[in-house]
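Q: I'd like to learn how to read a fold from its coordinates. Could you walk me through it?

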Amino acid sequence: MIDDRAVAAYREHGFLVVPDVLDAAELVAARAEVVALVAGARGVAAHTDVYDLEPDHRPEAPRVRRIKTPHRHAPFFAALARSPRLIAILCALLGSEGVRLHGSKINMKAARGGAPVEWHQDWAFYPHTNDDLLAAGIMLDDCTEENGAMLVLPGTHRGPVYDHHAEGYFCGAMDIARLDLDFARAVACTGRAGSVSFHHVRAVHGSAQNLSDKPRALLLYEFAAADAWPLAGVRDLAAFDERLLCGVPTITPRLIDVPVRMPLPPAPFQGSIYENQTTAKSRYFGRRDAA
């Protein structure tokens with residue numbers, strides 16, 4: 001679904017948006033699965049292994065900001081990760097030797113107040129033996145600058161790995177007050193529903209609060225080259241190999257010289273990036289009351 005120019009653009013800028021990767025039927029099915037999952041948050045009063053909740057969530061009026069590991073909770077999302085169209089793009093961007101599913105989530109920005117995500121690099125959360133990893137963001141709604149589309153700083157995937165700690169503990173956010181980065185250069189990954197953004201694991205990115213009257217749901221899969229092994233270790237080799245989407249398993253990790261800073265000591269507030277970032281020292285996006 002992509003040509004050599006698209007691959008070259010990804011290599012240069014660290015991100016790429018491909019339109020119409022999902023067809024109309026897949027979109028309808030995906031949205032129905034999300035509705036069913038969110039309905040399960042009715043009656044839930046606190047964060048769970050499935051739900052990360054907005055601060056204004058109420059058990060009788062669910063406001064979910066993240067559905068955790070949807071590929072484990074809905075067979076549809078496990079199957080979608082193996083879509084031939086998606087696999088073809090991943091092989092072009094990561095190499096055809098093999099691709100592994102690292103994780104998944106659905107970030108949901110509710111209309112009039114969906115939570116922002118401060119600037120960060122995914123690499124800070126799960127460094128590997130090499131950095132042939134990316135996140136694919138499947139747009140389940142139209143993504144616009146107004147409803148909190150993801151923002152990426154072009155070229156930062158070739159730069160430093162920034163500190164994501166506060167007071168000596170991992171917080172999942174960069175201290176922007178200490179960085180010489182021009183955030184005005186950020187590019188919004190916008191597109192109509194069914195489009196997919198791909199961003200390199202070291203690309204600096206974030207997203208603003210949704211103050212529009214339109215929701216924004218983004219299904220995110222994290223993918224790794226088959227020979228990229230997590231530095232935190234592999235507890236269950238059989239489960240690790242089951243997540244291989246194409247290619248053959250290997251016990252020979254590929255090592256490259258890439259900067260690494262481990263996400264340790266762990267964040268005081270665990271659960272999701274939203275909880276991690278509550279201890280961040282400085283904020284770029286913050287929160288505002290939606291009209």
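A: Let's begin with contacts: a contact means heavy atoms within 4.5 Å. Here, residues 24 or more positions apart account for 83% of the contacts with a separation of 6 or more. This is a predicted model, where local features need pLDDT of at least 70, side-chain atom pairs count only at pLDDT 80 or more, and totals for chains, interfaces and linings use all residues. Residues are numbered from 1 along each chain as its sequence is written, and side-chain values use heavy atoms, with hydrogens and water left out.

Q: How many helices and strands are there in the chain?

A: Helices (H or I, at least four residues) and strands (E, at least two) are DSSP runs, numbered from the N terminus. The chain has seven helices and 14 strands. Along the principal axes, the C-alpha atoms fill a box of roughly 50 × 45 × 40 Å.

Q: What share of the residues is buried?

A: Buried means under 20% relative accessible area, exposed over 50%, and partly exposed in between (1.4 Å probe, protein chains only). By that cut-off, buried residues make up 54% of the 291 in the chain.

Q: Is strand β6 enclosed or open?

A: Seven of the seven residues of β6 (133–139) are buried, so the strand is largely enclosed by the rest of the structure. L133, A135, G137 and M139 point one way, while L134, A136 and I138 point the other, and all are buried.

Q: Which bridges join β6 to β13 and β11?

A: For pairing, DSSP has to find at least two bridges between two strands. β6 pairs with β13 (216–225) in the antiparallel sense over seven bridges, and G137 has L220 as its bridge partner there. Five bridges join β6 to β11 (196–200), also antiparallel; in β11, A136 is partnered by F198.

Q: What is the strand order in the open sheet of four strands?

A: Read across, the order is β5-β12-β7-β10, with antiparallel pairing. β5 (117–120) and β10 (187–188) stand at the edges with a single partner strand each, so one side of each is left without a neighbour in the sheet. Strand β7 (151–152) is joined to β10 by two bridges, and L151 has A188 as its bridge partner.

Q: Now backbone angles. Which residues other than glycine have a positive phi?

A: The general idea is that most residues other than glycine have a negative phi, and most peptide bonds are trans. R112 has a phi near 60° and sits in the loop between β4 (98–109) and β5, partly exposed at 46% relative accessible area. E167 has a phi of about 55°, lies in the loop between β8 (165–166) and β9 (169–170), and is exposed at 65%.

Q: Where is the cis peptide bond?

A: That bond joins L264 and P265, with omega about -10°. P265 is in the loop between β14 (244–247) and α7 (273–276).
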